[in-house]
Amino acid sequence: MENKKPISLQTLKRLPIYLQYLKALQRDSVKHISSTSIALALGQNDVQVRKDLASVSDRGKPKIGYVLIELISDIESYLGYDNVQNAVIVGAGNLGRALLCYHGFSNYNLDIVAAFDNNDDIIGKMIKNKQIFSINKLKNLCERMKIKIGIITVPDYEAQKVCDLMVESGILAIWNFAPINLNVPKEVIVQNENIGSSLAILSKHLKEKLYK
Ligand SMILES: NC(=O)c1ccc[n+]([C@@H]2O[C@H](COP(=O)([O-])OP(=O)(O)OC[C@H]3O[C@@H](n4cnc5c(N)ncnc54)[C@H](O)[C@@H]3O)[C@@H](O)[C@H]2O)c1
């Protein structure tokens, strides 16, 4: 299906949740699925799920729903998961190592091919078959392997420097875990992962629950 109109950020955030559920059904050999049963299983609004799915797949049939593998394929294609995307991590400390060890990225066709650091004590080590290289080798490897995704897991005061180096190395999408706003050229996308923001929502809702 052609991506004719842009979807909302909220819909975009829900698509991986549907995908995860659909892939679990696939493992259970389910062949067809309706938006109603997805909504029921995930505790979501029926109309919302129907609209979300209709925005990425036009293969749903009234009363039958979707052929499971077709719906998975359409969501993956929409999200760009249908090609393996190589990525690098800069900062092989606590968080960087945890991300390197996480197997779940393969569900999203994301392959973290290597990590980079500036600490001589960890350069050269292997984590889950991924080598930690010197940061000085970042540009060469990214250019050679045409890496377009960079993950930043360095302290905030180092993040802009690392970001600039990633941009210089041809990276176009940055997943930033450092709690700092990065300055990038307009062609580069930054997705910030800020634990403070999520925690603020949790804390605010808890406060409302406890003191209402
Ligand atoms: N640990 C967590 O659970 C967590 C959660 C959310 C966000 N964060 C954020 O992620 C970042 C990393 O956190 P952490 O706990 O893994 O820190 P850490 O100190 O364990 O690891 C940081 C790593 O970055 C490396 N580094 C520093 N400057 C560098 C540079 N210029 N080039 C290459 N490597 C460099 C260090 O040598 C170190 O190995 C921080 O910005 C932190 O705020 C961490």
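Student: Which residues are linked in a network of salt bridges here?

Tutor: As a general idea, side chains of opposite charge can pair when their charged atoms come close. In this predicted model, Arg-59, Glu-70 and Asp-74 are linked in such a network. Within it, Arg-59 forms a salt bridge with Asp-74, and the closest N and O atoms are 2.7 Å apart. That pair links distant parts of the chain, since Arg-59 sits in the loop between helix 3 and strand 2 while Asp-74 belongs to helix 4 (residues 68-79), 15 residues apart.

Student: Which side chain makes a polar contact with the side chain of Asp-74?

Tutor: The side chain of Ser-57 does so, at 2.6 Å. A polar atom of the Ser-57 side chain also lies 3.3 Å from the backbone nitrogen of Arg-59. Ser-57 is found in the loop between helix 3 (46-54) and strand 2 (66-67), and with 2% relative accessibility it counts as buried.

Student: How many salt bridges does a search of the whole structure find?

Tutor: The search finds eight. Among them, the side chains of Arg-14 and Asp-52 meet at 2.6 Å, N to O. This pair again links distant parts of the chain, with Arg-14 in helix 1 (residues 9-27) and Asp-52 in helix 3, 38 residues apart, and both Arg-14 and Asp-52 are buried. Another salt bridge joins the side chains of Lys-130 and Asp-111 (3.6 Å, N to O); here Lys-130 is in strand 6 (residues 130-134) and Asp-111 in strand 4 (residues 110-117), 19 residues apart. Asp-111 is partly exposed, with a relative accessible area of 31%.

Student: Let us turn to the ligand. How many residues surround it, and which are the closest?

Tutor: One reads such a site from its shell of residues and then from individual atom pairs. The ligand is surrounded by 22 residues, of which the closest are Asn-94, Leu-95, Asp-117, Val-154 and Glu-158. Turning to the backbone, a N or O atom of Leu-95 lies 2.7 Å from an oxygen atom of the ligand, and a polar backbone atom of Gly-93 is 3.5 Å from a ligand oxygen. A nitrogen atom of the ligand is 3.3 Å from a polar backbone atom of Asn-118. On its own the ligand has 830 Å² of accessible area, and the protein covers 72% of this. Helix 5 (94-101) and helix 7 are the elements that give two or more residues to the shell, and helix 7 gives the most, with four residues.

Student: How much confidence does the predictor have in the chain, and where is the mean pLDDT lowest?

Tutor: In general, where pLDDT is low, the predicted coordinates should not be read in detail. The mean pLDDT of this chain is 93, and 98% of its residues reach 70 or more. Among the elements, helix 8 has the lowest mean, 88, whereas helix 7 (residues 156-168) has the highest, 98.

Student: Which residues form a nonpolar patch on the surface?

Tutor: Ile-195, Leu-199 and Leu-202 form it, with about 360 Å² of accessible area together. Leu-202 lies in helix 8 (residues 195-211) and is exposed, with a relative accessible area of 58%.

Technical notes. Residues are numbered from 1 along each chain as its sequence is written. This is a predicted model: local features need pLDDT of at least 70, side-chain atom pairs count only at pLDDT 80 or more; totals for chains, interfaces and linings use all residues. Side-chain values use heavy atoms; hydrogens and water are left out. Patches are made of residues with over 30% relative accessible area and no salt bridge: like charges are joined within 9 Å, nonpolar side chains (Val, Leu, Ile, Met, Phe, Trp, Tyr) within 5 Å. Accessible areas come from the Shrake-Rupley method with a 1.4 Å probe; for residues, only the protein chains shown count as cover. A salt bridge is a side-chain nitrogen of Lys or Arg within 4 Å of a carboxyl oxygen of Asp or Glu. Buried means under 20% relative accessible area, exposed over 50%, partly exposed in between (1.4 Å probe, protein chains only). pLDDT is the predictor's confidence in each residue, from 0 to 100. A residue is near a molecule or strand if one of its heavy atoms lies within 4 Å of it. A polar contact is a pair of N or O atoms within 3.5 Å; within protein, one must be able to donate a hydrogen and the other to accept it, and residues adjacent in sequence count only if both atoms are side-chain atoms.
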